[in-house]
Amino acid sequence: MKYFILISIFLSNQVGLSSTLEFNKELGYFSGRVSHVEEAARLVRFKLDFDNIKYVNKLDEIDLWGLHQEDKKCRAIVMGRTSDYLLVRVPKFDSCNRHSTFVTGRYYNFYSQDLVNNIAMGKELIEILAKKRLALKSKIKRNKKSLTTYAQRVETVNTRYAVLREKLEKEWRDELRRLEEDHQQLVRNTEGIQTRLNEVDFKLQQYRVESKNLKEDRWSLDPRNYIIK
């Protein structure tokens, strides 16, 4: 039973891969009409109208054939292209021209494996770009959410710092009050000390001891009256 399941999974994968390859192969087909021929240079310009022409690159190889002449394909090399025109060089120009003459307006079918490969790489690039786009959109969504909450976040910051400012102002006022109290206390202490100093000075003056008790007056300076002891 287990082997049957494994075989079924393998076959389903192969069918899916085959369908993918077939789908990719279909993208290699396109068509157009001859718009100009340079036989000497073996160059033919075709007018095309399909969106995937942007995946046709210079020097890509293509097969081309006239209507109902798929068994007579010719190989050509892309020499240049625009959004509407494709210039190719046909190495076996004479042989291809005999089977299906290159004349203005003639309808041709084309197939290019290089185009298939280029489209496959383009799909891979698209997947990468899609993932990158999803990631960028997620970033934009997050950024837009941040932008919408900007005012709220600003208000939150303002509120927080308003509280801090009130706290600092209170601490500032309390500190100034303590300094004022210390100043007043210092003034009172200084005044008290000055009062005590004045009292001490007064007492010093009051209890000062003179070096002698006798005092000389102007009469004592007269030698006639001056009595020498």
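Visitor: How are Asp174 and Lys170 separated in helix H4?
Guide: In this predicted model, Asp174 and Lys170 are four residues apart in helix H4, so about one helical turn separates them. The two form a salt bridge, and their closest N and O atoms are 3.2 Å apart.

Visitor: Is Asp174 buried or exposed?
Guide: Asp174 counts as buried, at 16% relative accessibility.

Visitor: Which salt bridge does Arg177 form?
Guide: Arg177 forms a salt bridge with Asp174, with 2.9 Å between the closest N and O atoms. Arg177 and Asp174 are three residues apart in helix H4, so about one helical turn lies between them. Arg177 counts as partly exposed, at 43% relative accessibility.

Visitor: And what about Arg178?
Guide: Arg178 forms a salt bridge with Glu175, the closest N and O atoms being 2.5 Å apart. These residues are three places apart in helix H4, again separated by about one helical turn. Arg178 is partly exposed, with a relative accessible area of 41%, and Glu175 is partly exposed as well, at 39%.

Visitor: Changing topic, where is Ser112, and what does its side chain reach?
Guide: Ser112 lies in the loop between strand E6 (107-111) and H3. Its side chain reaches the backbone oxygen of Glu61 at 2.9 Å.

Visitor: Is Ser112 buried or exposed?
Guide: Ser112 is buried, with a relative accessible area of 1%. Apart from neighbours within four places in sequence, Ser112 is in contact with Gly28, Phe30, Glu61 and Ile62.

Visitor: How many disulfides does the structure hold?
Guide: The structure holds one disulfide. Cys74 and Cys96 form this link, with their sulfur atoms 1.9 Å apart. The link is left-handed, with -125° about the S-S bond.

Visitor: Which parts does the pair tie together?
Guide: Cys74 lies in strand E4 (residues 74-81) and Cys96 in helix H2 (residues 93-99), so the pair ties together parts that are 22 residues apart in sequence. Both Cys74 and Cys96 are buried.

Visitor: Last topic: which residues form a nonpolar patch on the surface?
Guide: Leu125, Ile128 and Leu129 form this patch, and together they have about 280 Å² of accessible area. Ile128 is found in helix H3, which covers residues 113-148.

Technical notes:
Residues numbered from 1 in each chain as written. Predicted model: local features only at pLDDT ≥ 70, side-chain atom pairs only at ≥ 80, totals over all residues. Heavy atoms only, no water. Patch = residues over 30% accessible without salt bridge, like charges linked within 9 Å, V, L, I, M, F, W, Y side chains within 5 Å. Areas by Shrake-Rupley, 256 points an atom, 1.4 Å probe, with all protein chains shown as cover. Salt bridge = Lys/Arg side-chain N within 4 Å of Asp/Glu carboxyl O. Helix = DSSP H or I, 4+ residues; strand = E, 2+ residues; numbered from the N terminus. Disulfide = S-S within 2.5 Å. Buried < 20%, exposed > 50% of the residue type's maximum accessible area, 1.4 Å probe, protein only. Polar contact = N/O pair within 3.5 Å; in protein donor to acceptor, adjacent residues only side chain to side chain. Contact = heavy atoms within 4.5 Å.
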